[in-house]
Amino acid sequence: MDNKQGNGSIFESLSPGKVFASGLVIGILVLCTIGFFILLGVYVNGDNAKVDVNNNRNQQVGTEDVGNKKIAIRSVTKKDHIRGDKNAKVTIVEYSDLECPFCKRFHNTMLEVMDKFDGDVKWVFRHFPLDSLHRQARAEANASECAGEQDKFWEFIDLINEVTPSNDGLDLDKLPEYAQQVGVKNISKFTECVESGKYDNKVNDDFLDGQKAGIRGTPYSVAIGPNGEMVEISGAQPFSSLEQTINSLLK
């Protein structure tokens with residue numbers, strides 16, 4: 001009788017409540033152990049993935065380290081839309097969506113920047129239409145390039161940012177009317193350009209460049225200093241933030 005009790009399970013001497021509690025504790029410990037090894041694997045793999053992304057970006061033109069992040073955008077050329085003194089010490093390259101409400105806010109901030117830092121800052125505008133959110137953004141971007149054929153790119157951009165209610169609220173049929181308002185002379189040529197989608201590839205090149213650089217939202221900008229140093233400007237930063245960034249690059 002005593003021998004049987006000595007060989008029996010320890011749980012036989014416990015009440016059902018205690019057996020349940022013990023099993024629950026053991027189960028939690030097992031799950032915690034499994035979870036630890038899963039998280040460890042994710043951490044190791046994730047760290048390797050970050051290294052691969054950075055290595056790929058280093059192969060692109062215009063790469064600069066910012067902390068642990070790489071900024072990689074296409075170098076500014078004469079083909080870009082440049083506003084301000086082309087010899088300005090600081091360049092701000094903006095990737096924007098013409099239907100993005102935050103881009104419109106940032107556009108006004110950039111107008112303030114250009115007024116305050118006249119001669120010291122030049123502004124480069126590139127297209128980054130977010131198709132999943134704004135179905136009309138590409139059409140408007142193409143139209144801005146058509147206006148640019150007649151040297152009215154910036155005037156058209158200014159007006160579109162002023163009049164469109166964002167989020168696909170602009171009537172695309174009014175694009176020729178807006179072009180006329182900003183001084184486009186040959187409206188029939190403008191309309192033909194818009195309807196043909198003449199600059200769809202150019203708009204898409206801007207988008208792909210931004211996508212390769214890791215841009216996920218708009219507005220996204222990069223401030224470039226006189227020695228090539230780069231500072232990321234993510235989102236619709238206020239004027240005070242841009243002013244601080246620009247002053248730091250001008251020193």
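Modeller: In this predicted model, helix α3 passes helix α9 in a right-handed crossing. Helices here are DSSP runs of H or I with at least four residues, strands are E runs of at least two, and both are numbered from the N terminus.

The two helices pack at an angle of about 45°, with their axes 10 Å apart. The axes are lines fitted to C-alpha atoms over the stretch in contact, and angles run from 0 to 180 degrees between N-to-C directions. That makes α3 oblique to α9. Oblique is what remains after angles under 35 degrees (roughly parallel), over 145 (roughly antiparallel) and 65 to 115 (roughly perpendicular).

Which residues make the contact? From α3 come Phe106, Thr109, Met110, Glu112, Val113 and Lys116. From α9 come Phe239, Leu242, Glu243 and Ile246. Contact means heavy atoms within 4.5 Å. These residues divide into 6 nonpolar, 1 polar and 3 charged. Nonpolar covers Ala, Val, Leu, Ile, Met, Phe, Trp, Tyr, Cys and Pro; charged covers Asp, Glu, Lys and Arg; the others, Gly among them, are polar.

Two of the contact residues also pair up. Lys116 forms a salt bridge with Glu243, and their closest N and O atoms are 2.6 Å apart. A salt bridge needs a side-chain nitrogen of Lys or Arg within 4 Å of a carboxyl oxygen of Asp or Glu. Lys116 lies in α3 (residues 101–116) and Glu243 in α9 (residues 239–250), so the pair ties together parts that are 127 residues apart in sequence.

Buried means under 20% relative accessible area, exposed over 50%, and partly exposed in between (1.4 Å probe, protein chains only).

The whole structure has 11 salt bridges. One of them joins Asp80 to Arg126, with the closest N and O atoms 2.9 Å apart. Both of these residues are buried.

Some notes on the basis. Residues are numbered from 1 along each chain as its sequence is written. Local features need pLDDT of at least 70, side-chain atom pairs count only at pLDDT 80 or more, totals for chains, interfaces and linings use all residues, and side-chain values use heavy atoms, leaving out hydrogens and water.

Notes. A crossing is left-handed if the near helix is turned anticlockwise from the far one by less than a right angle, and right-handed if clockwise.
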